[in-house]
Amino acid sequence: MRDNSEGVSEVVGEMLMIALVLILVAVFGCSVSSFIPDDRDPSVTFLVTNTSDNFTLWHKGGDWVRVSEITVTVSNGTAMERFDHTSFDCTPDATTVDLGGAITVPHRPAGGEEFRVFTPRIVLMTGRLG
C-alpha cells in the first residue's frame, strides 16, 4: 500500500502560507490608513474695504474657500448680525472665493464694529470696521 501523507503536508504548508499572507495584508492595510494626512484647514488673506452701504472682503492670497461654507458676523457689542452665502454677494459669481475674488456684505458700517469671517472648521479673519 502507498502512503499519501507527503501530498497532504504540501497542501497544508501552502494553506498556512496563504493565511499568513492574508493576515499580513490586513495588518498593513490597517496601519497605512493612519499615515494618510487629515484635511488641511484653509488659510486666506483678505483686504477689507468699506463704503457707506456695505463692506467688501477681497481675497488677496491663500487657499480657495467654498462660498456656501463662509459665514460673516458683525457685532457692535450689543447686537450681532449674521450673513451667509444667501445674503452676501460674491464676485465673480462663483461657488468658490479665490485669488482676486470678493465678498460684499450688505451691512452699513457704523464704525468700531467687530466682524468675523469663518467656516464650520476655522475662523478665517477677525477685525474692526472703521
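In strand S10, the bridge partner of Phe115 is Gly127. Strands here are DSSP runs of E with at least two residues, numbered from the N terminus. This is a predicted model, where local features need pLDDT of at least 70, side-chain atom pairs count only at pLDDT 80 or more, and totals for chains, interfaces and linings use all residues. Residues are numbered from 1 along each chain as its sequence is written, and side-chain values use heavy atoms, with hydrogens and water left out.

**The sheet.** S9 and S10 run antiparallel, joined by 5 bridges. Two strands pair if DSSP finds at least two bridges between them. In what order do the 4 strands of the open sheet lie? The order is S5-S4-S9-S10, with antiparallel pairing. Strand S5 (80–83) and strand S10 (123–128) are the edges, as each pairs on one side only. On average, neighbouring strands of this sheet are turned by 15° against each other, direction ignored. The angles are taken between N-to-C directions, from 0 to 180 degrees, using axes fitted to C-alpha atoms. Strands of a sheet pair through backbone hydrogen bonds.

**The core.** The largest nonpolar core has 19 residues. Such a core is a set of buried Ala, Val, Leu, Ile, Met, Phe, Trp, Tyr and Cys residues joined through side-chain atoms within 4.5 Å. Phe55, Leu57, Ile70, Val72, Phe88 and Val117 have the most contacts inside it.

Phe55 touches Val72, Ile103 and Phe115, among others, not counting residues up to four places away in sequence. Contact means heavy atoms within 4.5 Å. In soluble globular proteins, nonpolar side chains tend to be buried together.

**The cysteines.** Is Cys90 buried or exposed? Cys90 counts as buried because its relative accessibility is 12%. Cys30 has 57%, so it counts as exposed. Buried means under 20% relative accessible area, exposed over 50%, and partly exposed in between, with a 1.4 Å probe and protein chains only. The count of disulfides is 0. A disulfide is a pair of cysteine sulfur atoms within 2.5 Å.

Cys90 lies in strand S6 (residues 89–91). Cys90 touches Val67, Thr96, Val97 and Ala102, again leaving out residues up to four places away in sequence.

**A cis bond.** The peptide bond from Thr91 to Pro92 is cis, with omega near -10°. Most peptide bonds are trans. Pro92 sits in the loop between S6 and strand S7 (96–97).
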